Amino acid sequence: MIRFDKVTKRYDKGREALRNVSFDVDSGELIFLTGHSGAGKSTLLKLIALIERPTQGQVLVEGRNIGRLPQRRIPAHRQQIGMVFQDHKLLEDRSVFENIALPMIIAGYAQREIRGRVRAALDYVGLLDKEQHTPTMLSTGEQQRVGIARAIVARPKLLIADEPTGNLDPKLSLDIMNLFRRFNEVGVTMLIATHDLGLIEQLGGRRIVLENGEIKAD
Amino acid sequence: MLRTLNNYLIRHAQNCIGALGNMVRKPIASMLTIAVIGIALALPSALSIMVKNGRALAGGLEDIRDFSVYTKPGVSLGQAEDLRARLDEEAVVRSTQLISASEALQEFRNDTELGDLVRALTDNPLPHTIVVRPTADAELATLKALKNMLVQDPLVDLVKLDTDWVRRLSAILDLAWRTVWVAAILLVGAVIVIIGNTIRLDIENRRAEIEVSKLFGASDGFVRRPFLYTGFWYGLFGGVFAIVLLVVSLWLLSGPVERLIRLYGGGFKPFGIDGSTLLTVFTIGLIVGLSGAWSAVARHLAAIQPRV
């Protein structure tokens, strides 16, 4: 599903965030991306979401070299991907329902379908009773669950998460990871960047370890 | 396919109403913007109505090319009457009227201010006057030729053919008309800048929303649409406000204008605003609203890219 072929990413200031990185991800895999901060985890995810483009090498998603994708094709590409962020990136002036509905509105779903699926996603993360709240009325753990509901609501084939448990205590972190795992069980490919090694030990699964922009272990 | 189209239309309707909702949520700021747009659109329209009226009035005066023929002192009333009859035969003359010296004197005597002075005179110093009204299609050159012929006549002292002031007025009105155009272009430009700036601020305020939307695959069109609808509403309400301003101010002026026309003996019918003027103001409002929004969106939206 995803192939990195000798990918190097150099930022404007000359810093190399990724150096000669190659790996394959099969459809339906759950992969943890680990390494110290600044090792290149975020950059790797940004290349997949086309927030950044590779300096050298190829990033292929479903056989397509997305590094060459023209600007106007980026929206369609991103609609295939669900994204979860460490800081949630929820809109504070919108209700939980409206936040989760956003990707479906963008993809142009009908109102009735949106209502049904947002409720299902809320049910999935256990927040069905909070749909009219605004994010600021929720705890950090609940906010992250809203972020996850938003990432899965449009049923993406691929989900990427950048430090999704970065601000949570161990108990809540495990809850969040279990949510991801359940979603992976229905066939969604997942890449989760985290530096919480203890948590990964508990979960198992494939691990890619980055160090100074290079793959140290896979 | 049909469902996709249907969803698309629903989305447009939602953006359209949503943009209106955003304006209603900050009523004072929105109304101030609308007022500025309305005034800027109403001003050139009002000026143009004034100049149009002035032109129509001047045009009416240009047709009046009466001239007066004054006889030399000592010309008898009979001679003057002969001259009048001769003039009446001319092809370019529509009608003539003889005002005898004694009639003219009588008129002066009746005048409250000059009356005493005139009554003190022993002789009548006034000549006989023939007022000549040319036909409507008489050319200026023909009239000048007639005037030259009359000046040669031994009975005639002076011919007064004075239309210069009408032509001067007409030139002034042409200048005023040009000024209205320049003002209109400047004000419409100002409105575009005002709407552009309002929407630029709107874009800044919704930066987070734009970034997140782009992260989840929102196209440029999707992000652009609510702002274009905002511009549309500003233009629409600005245009409506301009129309209200025009109607109200013309209504306020209608009393004095009618009195003025009555003083000048009526005959002239002033223009108010007609449907086509209203439609023009309204359409310009919409175009200006959309182009202001477009200018802001084109410059500022591309600059907002998601930062993660």
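Predicted model: local features only at pLDDT ≥ 70, side-chain atom pairs only at ≥ 80, totals over all residues.
Between them, chain B and chain A bury about 1900 Å², and 61% of this area lies on carbon and sulfur atoms.

The contact involves 20 residues of chain B and 23 residues of chain A. Between chain B and chain A the count is 1 salt bridge, which Arg94(A) forms with Glu209(B), the closest N and O atoms being 2.9 Å apart. Across the interface the rule also finds 5 residue pairs in polar contact, both residues being at pLDDT 80 or more.

On the side of chain B that touches chain A, the elements giving two or more residues are α1 (2–25) and α8 (207–215) of chain B. The largest share of this side, 6 residues, comes from α8(B). By residue class, the side of chain B that touches chain A divides as follows.

| Class of residue, side of chain B touching chain A | Number |
|---|---|
| Nonpolar | 8 residues |
| Polar | 6 residues |

In chain A, Lys130(A) is found in the loop between α4 (111–124) and α5 (140–152). The relative accessible area of Lys130(A) is 18%, and because buried means under 20%, this lysine counts as buried. Leaving aside residues up to four places away in sequence, Lys130(A) touches Val96(A), Leu138(A) and Glu142(A).

Conventions
Residues numbered from 1 in each chain as written. Chains lettered and ligands numbered in written order. Heavy atoms only, no water. Contact = heavy atoms within 4.5 Å. Buried area = accessible area lost by both parts, 1.4 Å probe. Salt bridge = Lys/Arg side-chain N within 4 Å of Asp/Glu carboxyl O. Polar contact = N/O pair within 3.5 Å; in protein donor to acceptor, adjacent residues only side chain to side chain. Helix = DSSP H or I, 4+ residues; strand = E, 2+ residues; numbered from the N terminus. Nonpolar A, V, L, I, M, F, W, Y, C, P; charged D, E, K, R; others polar. Buried < 20%, exposed > 50% of the residue type's maximum accessible area, 1.4 Å probe, protein only.
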